[in-house]
Amino acid sequence: MSALKTVIVPINKAGWPFIALFAVVSALLATWTPFLGWIGLVLTAWCVYFFRDPDRVTPTKPGLVVSPADGRVTLITRAAPPPELGMGEEKLTRISVFLNVFDVHVNRCPTDGVVKAAEYKPGKFLNADLDKASDENERMSIRLGLPDGREMAFVQIAGLVARRIIWWVAPAQALKAGERYGLIRFGSRCDVYLPEGVHPLVAVGQKMIAGETILADLTSLEQQREGEVR
């Protein structure tokens, strides 16, 4: 059974309607011409691959902040959290993780806490790799109250291809680090706003694994890492 799990990766339930649609279209194309049927089969296999939802092993040390998404760190900067969260205009350290269409798109909570606010904002569908995507694109923002009384925020941002943000959280809900909380369909970005005084433990260009890669330590005095992964 353990060997089978290494080959068969679980599929997130949000993907099954799309997989079924791709399969039906592929079958119809195959009745028209085998060549189109094979193309449809490849696209159906890609759809299955896109909605994979592998298990992850989250570090258990209290205070660790893990990546909410698979992908690469494209930007570390200072920016104010989304205004709809009511966290003020003070700039915080923001880590941006870009997901391409081949990354796992299931999002996970960065750390333990209680949801203080969960706000959806419609917007544009610019390339999620652009800095202005944080302000102008469609997004779902979450304000999380931490056990020590501080707060942080994390945001799902739609991208050039993404057209649907899914979330499974509500205000007053308690979340655990690494817990699944949402999904973005077809290319996107996740931003994490760290509490003041907390420094990133990752570098631009570094590969992220949702629920596993440590972005920061809320209890550490370690300074921000210098350099860029190439």
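Trainee: Which residues make the nonpolar surface patch of about 300 Å²?
Mentor: The model is predicted, with local features needing pLDDT of at least 70 and side-chain atom pairs counted only at pLDDT 80 or more, while totals for chains, interfaces and linings use all residues. Residues are numbered from 1 along each chain as its sequence is written, and side-chain values use heavy atoms, with hydrogens and water left out. A patch takes residues with over 30% relative accessible area and no salt bridge, joining like charges within 9 Å and nonpolar side chains (Val, Leu, Ile, Met, Phe, Trp, Tyr) within 5 Å; the areas are Shrake-Rupley values with a 1.4 Å probe and only the protein chains shown as cover, and a salt bridge is a Lys or Arg side-chain nitrogen within 4 Å of an Asp or Glu carboxyl oxygen. The patch of about 300 Å² is made by F35, I39 and L43.

Trainee: Is F35 buried or exposed?
Mentor: F35 sits in helix α3, residues 34-50, where helices (H or I, at least four residues) and strands (E, at least two) are DSSP runs numbered from the N terminus. Buried means under 20% relative accessible area, exposed over 50%, and partly exposed in between. Because its relative accessible area is 58%, F35 is exposed.

Trainee: What is the bridge partner of N107 in β10?
Mentor: Strand β10 covers residues 180-184 and runs antiparallel to β4, to which 3 bridges join it. Within β10, the residue bridged to N107 is G182.

Trainee: In the open sheet of 8 strands, which residue in β6 stands opposite V115?
Mentor: The antiparallel order is β9-β5-β6-β7-β11-β3-β2-β12. Within this order, β5 (residues 113-121) and β6 (residues 139-145) pair over 7 bridges. The residue in β6 that V115 faces is L144.

Trainee: What distance separates the C-alpha atoms of D191 and P68?
Mentor: D191 belongs to strand β11, residues 188-193, and is buried because its relative accessible area is 0%. Although D191 and P68 are 123 residues apart along the chain, the separation of their C-alpha atoms is 8.4 Å.

Technical notes. Buried means under 20% relative accessible area, exposed over 50%, partly exposed in between (1.4 Å probe, protein chains only). Two strands pair if DSSP finds at least two bridges between them.
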